[in-house]
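Please look over the model below before reading on. The notes that follow take the chain as a whole, then its salt bridges.

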Amino acid sequence: MDFGKIFGAALEAYRKQTRNDIASHPLANQLQSCDSPGAILAILRTQVRAFDQSQSADERLTKWLDPTVNVLYAFSATLGEGVGLAFPPAKTIFTGIGVLLQAVKDVRASQNALVDLFGRMEHFFKRLERYIDVRPTAAMTDVIVEIMVEVLSILGMVTKEIRQGRTKKYLKKLAGKNDVEDALQRLDQLTQEEARMAAVEALSIIRGIDDKVDGINEGVRTVNAKVEGIDNKVGSVTQGDDVRRLLTSADHETLTSLTGNELRQNLRKWIVPPDPSANYNTASDAHHEGTAAWCTNGNTLANWKTSGSLLWIHGKRTSPSLSDTVIIRDIKSLADAGSAFLAYFYFDFKDKAKQDTRALLSSLLIQLTDQSDMFCDALYSLYSAHKKGSEQPTNDSLSQCLKYMLTTAGPVPIYLILDALDECPYGSGLPSPREKLLDLLDELVKLRLPTLRLCITSRPEFDICTVLEPLAAQQVSLHNESGQKQDINNYVMDVVRSDRRMKRWREEEKDMVIEKLAEKADGMFRWVYCQLEVLRYCFPTDVRRVLEELPKSLDETYKRILEGISSANREHSYRLLQCLTVASRPLRVEELAGLLTIDLNAGGIPKLNADWRWEDQEEAVLSACSSLVTVITDDGSRVVQFSHFSVKEFLTSDRLAGCTEEVSRFHIPIERSHMVLAQACL
C-alpha cells in the first residue's frame with residue numbers, strides 16, 4: 001500500500017475532528033527524539049498526572065499504557081530496521097494518545113470512559129507482540145496499517161467528543177449507534193482479519209517446509225531410479241545418446257500383450273494430461289465467420305508451413321486466440337490426411353491444470369502418441385523406466401521424451417501450436433513457471449529441426465519478447481495487421497446489423513458506430529466487445545455522445561464498468577470477484593451465488609442466511625458483476641468465469657490500486673481474497 005496516501009487521508013480526517021495538525025503537534029516533536037519506550041512513557045505519564053495527581057489514576061491508565069508503548073515501539077523498530085519510531089503510524093498513534101490525554105485533563109468525568117476505551121483497543125496492541133520477532137509479510141503489514149488508521153480515527157473522534165463534553169454516553173459501556181462505537185466494531189473486525197491471516201501465514205510456512213521435504217525425498221527417489229536404470233540398461237543405449245533407449249525383451253512382451261488402445265489408455269492415466277480440445281471448441285464456437293482468413297491465406301503462414309521455424313503471433317492487451325484456432329483448424333486437415341503430425345495446447349488463466357510446463361509436456365506427448373506407434377513406443381519406454389507407471393516422471397524426463405520424438409519423427413512435419421503463452425503465470429519461485437516454460441521453448445527452437453513447425457501466440461509482455469524475438473523466424477503483430485483491422489470492422493458491422501436492439505436504430509447511428517469502433521479499436525477485439533456491450537443498451541439519441549466519450553484503452557473501459565456498479569451492489573460484487581480470482585477450479589453458478597447468502601460482517605463469525613438466496617442464481621451473479629464475468633456450460637454444469645483474462649489481470653494490478661478511491665476499492669489482494677473464500681467455504 002501507499003503509506004503516504006493512506007496516512008495523508010487519515011491525518012486530514014483527524015485534523016477535521018480535533019482541529020489539531022497531529023504531524024506538527026508539539027507532542028509529535030517531543031516523541032520524535034525518544035529513543036526508548038521509557039522516554040515515550042515519561043511524556044505520556046506527564047499528561048496523565050496533569051489531570052489527576054492520585055496514584056490510582058496513574059496506575060489505572062499506565063497499566064494499559066506501559067505494555068502498549070513497549071509493544072508498539074518494538075513493532076516500529078522491527079519495521080524500521082531497528083530505529084525506534086521509523087514506522088510513521090507508531091509515532092502518530094503515540095501523539096494521538098497524548099492529545100487525547102490532554103483533552104481528558106479538562107474533563108474529569110471522562111477518565112472512566114477513557115479506561116473503557118483503552119480496554120476495547122487493547123486486543124489489537126497485544127496482537128502486535130507476535131511481529132516483534134517475526135517481521136510481517138507485505139499483505140499483513142497492509143492490514144496492520146489499516147488497523148492503525150482506524151485507531152487514529154477513534155482517538156480523533158473521542159478527543160472531539162470529550163472536548164465537547166459528550167462523555168456520559170461513553171460511561172455506559174460505549175453503547176449505541178454512534179461513530180465511535182461503529183469505529184470500534186471496525187477495529188474488532190480488522191483485528192480478527194489480521195489474526196486469521198496470521199494463522200493462514202503460519203500454515204503456509206508449515207506447508208512450504210513439508211513441500212520442500214517432499215521435494216528432497218522425490219529427488220532422492222529420482223536419483224536412485226536413475227542409478228538403477230543405468231545398472232539395468234547398460235549396453236542398451238547406443239552411441240552415447242542420453243535420450244534414445246531400446247525396449248527390453250520384457251517391454252516387447254508387455255507391448256505384445258496389450259492392444260494399442262489399452263496401452264495408450266495406460267499412458268494417459270499415468271501422466272494425466274489436461275484436455276485442450278475444450279478450449280479449441282470454445283474458441284471455435286466464438287469464431288466469427290471469415291475472421292482470420294487473412295492469416296491462413298497469407299504468405300507468412302505459407303512460409304512457416306514449408307520451413308522448420310518459429311512463428312510468433314502477438315497482440316496488445318489481448319491474446320490472439322482466434323488466429324491460433326484458425327491455424328489449428330487449417331493444420332488439422334493435413335494431419336487427418338496423414339501428411340503431418342499436430343499437437344496443440346491452450347494456456348488458460350481460468351484453469352490451473354493448464355498453466356505450466358508439465359501440463360504442456362504431458363498434453364503434447366499424449367497427442368503425439370495417439371498419432372504414431374513410434375511415438376507411443378517412446379513414451380512407453382519412459383513408462384517402463386518408472387516401474388510401469390508406479391512412479392511419476394520428472395519434467396526433465398518428459399522434456400527429453402518429447403525431444404526424442406521430434407528428432408526421430410522422420411520427414412513428416414510436426415506442428416506444435418501453443419495459444420496464450422502469457423496466461424502461464426509469472427508467479428514466484430526461481431525460476432518462475434513462465435521462465436521454465438520459456439527455457440523449454442528456447443531449447444526446442446535451438447534443436448533446429450527442419451521438420452518442427454512451432455507456432456506461439458501471446459501478448460508482447462517484456463519477458464516473452466526478450467526470449468521469443470531472437471528466436472522467431474517470422475512474427476505477426478495483430479494491432480498492425482490490416483487483415484485484423486478488417487476482421488474487426490466486419491465483426492462490428494455484423495453485430496450492429498444483427499443485434500435485436502441495434503438493428504432498430506437508424507442507418508445513421510449504425511454507420512457511426514461501425515466507423516468509430518473500427519477506427520479506435522487498435523487491433524483489440526476485446527475492447528470492441530466491451531464498447532458494443534455498452535452501446536447496445538443505449539437509446540439512439542445517446543449513441544453520438546457515448547461514441548464521443550469512448551475509453552481509450554481496456555484499463556479505462558474496466559474502470560468505467562467498475563464505476564457503473566451501483567453502491568448497493570458494490571460489496572457483493574467485490575466479494576464475488578475476489579472468490580472468482582483465487583478459486584483453484586472453475587466455480588459453478590450455484591457455488592458463487594451461495595456467497596451472496598453469507599454475512600461476513602456478522603460480528604466475527606460469518607453467518608449463513610438461507611433466505612437471502614436468489615431464485616434465479618445466474619441472474620444474481622451476472623447482475624452483481626456486470627460484463628466482467630460470463631457463464632458457460634462445462635460438462636453439463638453452468639460455470640462462472642471472467643469474461644477475459646485481462647479482467648483478472650486488471651483487478652489484481654497495481655494500476656487499479658493506484659486509481660481513485662471509488663475505483664481502487666475493487667483492487668483484489670490475493671491473500672485476503674483467499675481468506676474470504678475460506679470463510680465462505682466454512
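1. First, a term. A residue is buried under 20% relative accessible area, exposed over 50%, and partly exposed in between (1.4 Å probe, protein chains only). The model is predicted: local features need pLDDT of at least 70, side-chain atom pairs count only at pLDDT 80 or more, and totals for chains, interfaces and linings use all residues. Residues are numbered from 1 along each chain as its sequence is written, and side-chain values use heavy atoms, with hydrogens and water left out.

2. The chain has 682 residues, and 49% of them count as buried. Its secondary structure comes to 32 helices and 10 strands. These are DSSP runs, numbered from the N terminus (helices: H or I, at least four residues; strands: E, at least two).

3. The whole structure holds 27 salt bridges. Each is a side-chain nitrogen of Lys or Arg within 4 Å of a carboxyl oxygen of Asp or Glu.

4. K305 and D330 form one of these, at 2.9 Å from N to O. K305 lies in helix α14 (residues 299-306) and D330 in helix α15 (residues 321-336), so the pair ties together parts 25 residues apart in sequence. K305 is partly exposed at 24% relative accessibility. D330 is partly exposed too, at 23%.

5. R459 and E649 meet in a salt bridge at 3.0 Å, N to O. The pair links distant parts of the chain, 190 residues apart: R459 sits in the loop between β4 (452-458) and α20 (462-471), E649 in helix α29 (residues 645-651). R459 is buried, with a relative accessible area of 3%.
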